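Thanks for taking a look at this one with me. Here are some notes to read alongside the model, point by point.

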Amino acid sequence: MPWFKEQDAISNTESAKKSNPSHQQPSRQKQLPRRKVVQTLNPSKQPWHRRQSLWLVGVGGSIIALGGIAVSIEQSLPKTSELFTVVREGTLTIKAADGTILQQTGPATREQLKLAEIPKPLIQAFIASEDRRFYQHNGIDYQGIARATVSNLRSANVVEGGSTITQQLARMLFLSQERTLWRKLKEIRLAQKIEANLTKEQILERYLNLVYLGEGAYGVADAAWVYFSKSVDRLTLPEMALIAGLAPAPSRYSPAINLAAAQQRRNLVLQRMREDRVLTSETATDAIATPINLNPSAPKRLQVTAPYFTTYIQKELPKYVAPEVIAAGGLIVETTLNPKWQNAAETAVKNTVTNNGRWQNFEQAALVAINPRNGEIRALVGGKDFGKNQFNRATQAQRQPGSTFKGFVYTAAIATGLSPYKSYQDAPFIVEGYEPQNYSREFRGWLTMRDALTSSINTVAVKVMMDVGFEPVINLARQMGIKSELKPMYSLALGSSEVNLLELTSAYGTLATQGIHVEPYGIRRVLNRSGEVLYSTTPQPKRVLDPGSAAISTWMLQNVVQSGTGRPASLNRPVAGKTGTSDESRDLWFVGYIPQLVAGVWLGNDNNEPTWGNSGTAAATWRQFMTVAVEDMPVEDFPERPSLSGRKGSIKAQPIKPKQISSGRLPRSRRDLLKSNADFNNNRPRRRYRRYQQEVVTAEPTRRSRRRRDERPAATSQRSNNAPRQSPPSPQSQERLRERLRNLRQSSTLQSQEPPTQTSRQSTAGSYVVPTKE
């Protein structure tokens, strides 16, 4: 190649010089190739247009590379709308209905203060410590960087940082703490965007509420509580300077870890405040001479209100928000909880377990309150002590509801068109091997459905369900809100299928709203840290029962509270509800409602051990809670009971046709009681009343003078099958007849069958009488 030939020529020439010293000057022709080689290897001798091209390529490539970096940084930054956030990543804040914080997890700030609520000396202390030219720069303080570099070199240590308050805020909200050039470039650009979109006051307010100040404190309000157990407006100047001095290195300058380092840092902040002329020399000197007096407290963000409820909310949250969004954090969950009612519910549960649990042998209690009109859970207590046991007995425990399930049986019967005055005989019987027994093991003869529900008679409840059918009862209970499995068996009428307190309470709320059911919920909205709504609950009311049947059922359940097993739940307003006791009193229930609120109470033991109590204690617990809940609530009446004449059912009955049914046989000691009961039922007023009940549920009767019937002798008063039917008496006559029946019952020997009442111990809520067990 030519280049190698030129090199060979040069080498040969120099060899010739060495071998022949007389030839000092080479020939012109031999030197020409050497000049060409030198010109070829020296870039500075290249043509101008070639050098310009190389320079343009280098500069252009650099510009393109820098532009790509800038584009990448810009794309990685949050949207402008997100710059207004006041919440860190990785946090979860659960709020009550009034906005108070129930629970926080992650690096959350318990108290968000407005800038006007923060003392001015505290603001000045942070500016003197962290960013002395805060009001002069636009996010990046180049003078501050130079000054910090000089200070650090002089002291041979890091005594001053170059990051501005705006840069620190950008790092808190959007960036990690990794020490890389890429993160620093993003921080600088993000600080500039923040300065362009937020005012200095907004930046300061966010920074002072989010800055980590050690010992689990985020923000100046938390720090004031953690170190001095006081609010920021009560801090002294030395205390403010100490808190401001924690920002650069909270673990290094924490007075709880290194008191000497904390004092030294505090004094440095005071000196800078004096240099910045926000303090006089005398004031700064006095503050420096003040000793540090700590009064530490646990961070408020670690405090949890209504822990059973907040735990329930955290379990419900994944149903509405994607897991990756929850993992990223920064969420605010707005709930339905009423803090005042929640406190009343917790107090009622605690008082009941403390004052009655020991002598009635139960250790746990639960309470749920729901607004039946929109489904909002207003109070929820899952046990007496969350710290010892986190199992939620309101939402997780599946227990037998006992007689509280009768509310669905009788409601289904009314919905099929049966009259509340239809009579059934309370007597021992066996159906396909199943023998229902009353709690008292006593029988009262013929009873109307209303009276049987009031006294919670088990045999009648089973007979009513046999007339209605398994499927109508189960379907109605499901539509009203029961989610648990309901098994079609005769014991279903007495509450043998397990349910939880939340669904049982919600189902009774359907009666409070005249047949409209709304699914219960505890989450109103979920917001991200930018304030955008990720989820919002919209109640979906659904009619599952006709208003007339709901009104009649409520009328019957009102009688339970007025004169039945639910008397301890009475208030100075209309109340309807039902008690319940499972086998061997293992579960004690009461679910009651007014038009605006429905609440349920359960008492029992986690190990399913029998109690010695009765459902009256649950009703009294319900009353203690409701007394507080209705303080500012107007009195509302339930709808009037509709006319029973000509009623038609809204659902179709599917009567059960058992293969075998027979009368049960009682022990000899109880036959006398049954006999005395039968003698009582043979009195004339009772026969007339029972005959009227039979007439109400038969075809439309013909008119006949009641006077002629009353004049008949008692022996001939029994109507023959072919005799014309009489018209039913007026409602006034009916009520008088029922009043006579009550008086006769009270004066009869059946009174001896009622077990004595017991008086509970004195509680902080006042004394109450525990009624007869069901």
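**Notes on the fold and a few local details**

1. The accessible surface of the chain is about 37600 Å², and carbon and sulfur atoms hold 51% of it; such areas come from the Shrake-Rupley method with a 1.4 Å probe, and for residues only the protein chains shown count as cover. Of the 774 residues, 50% count as buried, where buried means under 20% relative accessible area, exposed over 50%, and partly exposed in between (1.4 Å probe, protein chains only).

2. A word on the basis: this is a predicted model, in which local features need pLDDT of at least 70, side-chain atom pairs count only at pLDDT 80 or more, and totals for chains, interfaces and linings use all residues. Residues are numbered from 1 along each chain as its sequence is written, and side-chain values use heavy atoms, with hydrogens and water left out.

3. The chain has 27 helices and 18 strands; helices (H or I, at least four residues) and strands (E, at least two) are DSSP runs numbered from the N terminus. Among contacts with a separation of 6 or more, 72% are between residues 24 or more positions apart, a contact being heavy atoms within 4.5 Å.

4. Let me start with the mixed sheet. Its five strands form an open sheet in the order S2-S1-S3-S10-S11, with two strands counted as paired if DSSP finds at least two bridges between them. Strand S2 (101–105) and strand S11 (533–536) are the edges; each has a single partner strand, so one side of each is left without a neighbour in the sheet. The twist averages 15 degrees from one strand to the next; axes here are lines fitted to C-alpha atoms, for helices over the stretch in contact, with angles from 0 to 180 degrees between N-to-C directions.

5. Within that sheet, S3 (residues 331–335) and S10 (residues 523–527) run antiparallel and are joined by four bridges, with Val 333 opposite Val 526. S10 is also antiparallel to S11, through three bridges, and there Val 526 has Tyr 535 as its bridge partner. Do check the hairpin of S10 and S11: five residues lie between the strands, and Gly 531 takes a positive phi near 90 degrees.

6. The other sheet to view is also open, with five strands in the order S5-S4-S15-S14-S13 and antiparallel pairing. Strand S5 (377–381) and strand S13 (576–581) take the edges, each with a single partner strand, so one side of each is left without a neighbour in the sheet. Neighbouring strands are turned by 5 degrees against each other on average, direction ignored.

7. Helix H22 (residues 547–563) lies across S13 and S14 and runs at about 65 degrees to S13.

8. H23 (residues 615–629) deserves a moment. Its 15 residues reach 21 Å from first C-alpha to last, close to the 21 Å expected at 1.5 Å a residue; the expected span is 1.5 Å times one less than the number of residues. The helix is mostly covered, with 12 of its 15 residues buried, including Trp 622, Phe 625 and Met 626. At its start, a side-chain oxygen of Asn 614 reaches to within 2.9 Å of the backbone nitrogen of Gly 616.

9. In H20 (residues 470–480), the buried residues include Phe 470, Ile 474, Leu 476 and Met 480. The buried residues of H20 pack against helices H17 (406–415), H19 (458–468) and H21 (501–512) and strand S9 (516–517). Just after H20, Gly 481 takes a positive phi of about 135 degrees.

10. Which side chain does Glu 275 join in a polar contact of 2.9 Å? The partner is Arg 132; a polar contact is a pair of N or O atoms within 3.5 Å, where within protein one must be able to donate a hydrogen and the other to accept it, and residues adjacent in sequence count only if both atoms are side-chain atoms. Glu 275 belongs to helix H12 (residues 259–275) and is exposed, at 53% relative accessible area.

11. Finally, Pro 238 sits in helix H10 (residues 237–244) and counts as buried at 12% relative accessibility. Leaving aside neighbours within four places in sequence, Pro 238 is in contact with Arg 266, Ala 287 and Thr 290.
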